[in-house]
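Keep the structure open as you read along.

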Amino acid sequence: MFDIKWIRANAEAFDAAVSRRKGVSVRSSDLLAIDDRRRDIIVRLNEAQEKRNALSKQIGQAKAQKDEAKSAELMAEVARLKESIPQGEADERAIELELRNALSVIPNLVFEDVPDGTDESGNVEYFGANGTEATAAKARAPRPSLSFAPKEHYELGEAMGQMDFETAAKISGSRFVVLKGQVARLERALGQFMLDLHTTEHGYTEVQPPLLVRDEALYGTNQLPKFEEDLFFTPHGEGRLALIPTAEVPLTNLVRESILSEEELPLRLTALTPCFRSEAGSAGRDTRGMLRQHQFNKVEMVSITTPETSVDEHERMLSCAETVLQRLGMHYRVMNLCTGDIGFGARKTYDLEVWLPGQDTYREISSVSVCGDFQARRMDARYRPSGEKQAPRFVHTLNGSGTAVGRCLIAVMENYQQEDGSIAVPDVLQSYMGGLKSIGGR
């Protein structure tokens, strides 16, 4: 969400920045034209209200002087103004809504170091703020070399009888799965491992948030109005609630309509929740297996910071997500998303892509984004700087997967598969698995 005053003062900079966004044709002149009409309506409404008040005083004076003709003339004029003012107020509400709607569908402005591109082919591999390909390789597990033809996760899971898509389809339709036995336990172990890592080593506070949220919360984290078709709604009273597409929504909205103290920042929050997405527009993509589901589990990380620290927090959050994959011993890469692939609310995004031997390719397992004050303006989330008395400022928000549990299960199954169809349990998960070193197999 943008401040129209900032756009008016920085029209050329706004146009230059927004032109880097894929498929965005709006320009400052379009928005300022709406704002000019809004300003004109406000001026006319204020003039009418001031005139009504002035005439009301004159009526009292005319009556005091027993000038009935003058008093009647003034009263008629006040009555006319009283009739026109409600229409002016309605016009003001309508133009405010028009401006809000126009601003709410404009994506965030990306940082200068975000690469230009039209789609994911324009993404650039990232090795850290001061890193190189060589230093990154030292921190990341090498790509696995299997002596047999690797299988995809669903082939492994179905062979075990512990990953059931057919029964899930009978119960709920396509893009659902039933996990059973040791595979279900492995997925649970992954989520618990991630939560323990982020809370005990990375300084995040665990939260169990609501899974149903109001439209206002979705607007605050920019799922509405842009991505309404990707949400699942349920009637609630005279309105509706939505199943969360990600725990980013309730976690970030914990600070909505609040004024925090600077001493409270940064706030670092994490949650393991189911997530629900309709996957609108993905017909025919990833129809086999668990890669693209309507319901999946994810560990989310959210940080609320000051403007001065948000860029450093972005790098820190990336490191937290990377640590998950490093501890699991899985090969991955980090991509700096280009302007044609970055999300609506982000100023910069890093994607972690894990190697899947069964697919012989990298697949996204985490996105880590810094949003600046874009979401904070939509939520009215502010903080009061310490020291000298200053007006409250908008916080900066960040979010990232730490990581997607279902996709991490896929990665563990494919990277740790054995020739007999069993799955070796990564060392860090064995304590969560009751000491098991492998599952399945003959």
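## Strands and the helix across them

Arg268 has Ser303 in S10 as its bridge partner. The model is predicted, so local features need pLDDT of at least 70 and side-chain atom pairs count only at pLDDT 80 or more, while totals for chains, interfaces and linings use all residues. Residues are numbered from 1 along each chain as its sequence is written, and side-chain values use heavy atoms, with hydrogens and water left out.

Strands here are DSSP runs of E with at least two residues, helices are runs of H or I with at least four, and both are numbered from the N terminus. Two strands pair if DSSP finds at least two bridges between them.

An open sheet is built from eight strands, ordered S1-S11-S12-S13-S16-S10-S9-S4, with mixed pairing. Strand S1 (124-125) and strand S4 (205-206) are at its edges with a single partner strand each, so one side of each has no neighbour in the sheet.

| Strand pair | Sense | Bridges |
|---|---|---|
| S9 (residues 267-276) and S10 (residues 295-305) | antiparallel | ten bridges |
| S8 (residues 258-261) and S14 | parallel | four bridges |
| S14 and S15 (residues 393-394) | antiparallel | two bridges |

Strand S14 (residues 381-384) shows a covered face with Ala381 and Tyr383, and an uncovered one with Arg382 and Arg384.

Now to the helices. H13 lies across S9, S10, strand S12 (348-356), strand S13 (361-370) and strand S16 (396-404), and runs at about 35° to S16. Helix H13 (residues 405-415) also packs with helix H8 (residues 181-200), at an angle of about 115° and with the axes 9 Å apart. Axes are lines fitted to C-alpha atoms, for helices over the stretch in contact, and angles run from 0 to 180 degrees between N-to-C directions.

Which residues of H8 meet H13? Val183, Leu186, Glu187, Leu190, Gly191 and Met194 in H8 meet Val405, Gly406, Cys408, Leu409, Val412 and Met413 in H13, where contact means heavy atoms within 4.5 Å. The residues of this contact are nine nonpolar, two polar and one charged; Ala, Val, Leu, Ile, Met, Phe, Trp, Tyr, Cys and Pro count as nonpolar, Asp, Glu, Lys and Arg as charged, and the others, Gly among them, as polar.

Finally, Gly329 follows H11 and has a positive phi, near 70°.

Terms used
Buried < 20%, exposed > 50% of the residue type's maximum accessible area, 1.4 Å probe, protein only.
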